[in-house]
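Visitor: I have a model open and a few things to ask about it. Can we go through them in turn?
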Amino acid sequence: MKVLFIGDIVGKIGRQTVKTLLPNLVDRYKIDMVIANGENAAGGFGITEKTAAEIFDFGVHIITTGNHIWDKKEAVPYIAKENRILRPINYPPNTPGVGSIIFTLPGKEKIAVMNVSGRVFMNTLDCPFRTGKDEVEKLKESTNIIIIDFHAEATSEKVAFSYYMDGIVSAVIGTHTHVQTADEKILPGGTAYITDVGMTGPQTSVVGIEKEQIVERFLSQMPRKYDVAGGKGLLSAVVVEIDGKSGKATAIQRLQLTNP
């Protein structure tokens, strides 16, 4: 079984890049399931019902998110009812939406996807380690194939979390920093890991935003409105190959493609 995980989609350029490149990727790598982080899909900050519908129409099965999940307040009712959009599971009880899903593919294979947020340099949520472990135990009652989007800032927290989950989930895919890391690997227990899968959005930018605006912010230290950059699109992703019976990963391949 092969799963394609697409890094944080940023703005219209990110969405159009997925639309253009995804069909060929699915055919080329014989992909069974597509997951994408979409928390920056709407204008670079948050997600809306319209942008989520676009991403699903492109062929993405599950959308994960992170700390920008609530940026578009009008989307909260939609997130509350659309269980294919995940928010970090370690938000407090009674938060709208869900943090995990068991998705059944056309061939009847079940894949669990879970979204977790880190806490180092991030919003203070419930412990991602304990909350994540509790949820994994529940998910394993239905399937051995479990993919986790760990949305976090600190490399140390991501690496520690991956070893904590090694051998009990299929993959821990890091998101949030928008810069793809070159440390993809299969951990000793059979869990695929990468610290950050990267960004799908404008190639010439500072993590998706117009570079001049970010430089100005560093120089002036003054707050300002940010705009998603223009230019060529960049798609960052990983392909994870998983043994369907054991749930253990057998390969992970890092991808970066430009559009056009």
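Guide: One term to begin with: contact means heavy atoms within 4.5 Å. Also, this is a predicted model.

Visitor: OK. Which residues does His178 touch, leaving out those up to four places away in sequence?
Guide: His178 touches Asp8, Val10, Asn40, Asp196, Gly198, Met199 and Val207.

Visitor: Where is His178 placed?
Guide: His178 sits in the loop between strand E8 (171–175) and strand E9 (185–186).

Visitor: Is His178 buried or exposed?
Guide: His178 counts as buried, because its relative accessibility is 12% and the cut-off for buried is under 20%.

Visitor: What lies 3.0 Å from a polar atom of the His178 side chain?
Guide: The backbone oxygen of Val207.

Visitor: Switching to helices. How do the axes of H4 and H5 cross?
Guide: Helix H4 (residues 128–139) and helix H5 (residues 155–165) have axes that come within 11 Å and cross at roughly 30°. Angles under 35 degrees count as roughly parallel, so H4 is roughly parallel to H5. The crossing of H4 and H5 is right-handed.

Visitor: Which residues make that contact?
Guide: From H4, Pro128, Phe129, Gly132, Lys133 and Val136; from H5, Glu157, Ala160, Phe161, Tyr164 and Met165. Sorted by class, the contact of H4 with H5 has seven nonpolar, one polar and two charged residues.

Visitor: Last one. Where is Glu82 found?
Guide: Glu82 is in the loop between helix H3 (76–81) and strand E5 (100–104). At 14% relative accessibility, Glu82 counts as buried. The C-alpha atoms of Glu82 and Ala52 are separated by 9.9 Å, with the two residues 30 residues apart along the chain.

Notes. Residues are numbered from 1 along each chain as its sequence is written. This is a predicted model: local features need pLDDT of at least 70, side-chain atom pairs count only at pLDDT 80 or more; totals for chains, interfaces and linings use all residues. Side-chain values use heavy atoms; hydrogens and water are left out. Axes are lines fitted to C-alpha atoms, for helices over the stretch in contact, and angles run from 0 to 180 degrees between N-to-C directions. Helices (H or I, at least four residues) and strands (E, at least two) are DSSP runs, numbered from the N terminus. Angles under 35 degrees count as roughly parallel, over 145 as roughly antiparallel, 65 to 115 as roughly perpendicular and the rest as oblique. A crossing is left-handed if the near helix is turned anticlockwise from the far one by less than a right angle, and right-handed if clockwise. Ala, Val, Leu, Ile, Met, Phe, Trp, Tyr, Cys and Pro count as nonpolar, Asp, Glu, Lys and Arg as charged, and the others, Gly among them, as polar. Buried means under 20% relative accessible area, exposed over 50%, partly exposed in between (1.4 Å probe, protein chains only). A polar contact is a pair of N or O atoms within 3.5 Å; within protein, one must be able to donate a hydrogen and the other to accept it, and residues adjacent in sequence count only if both atoms are side-chain atoms.
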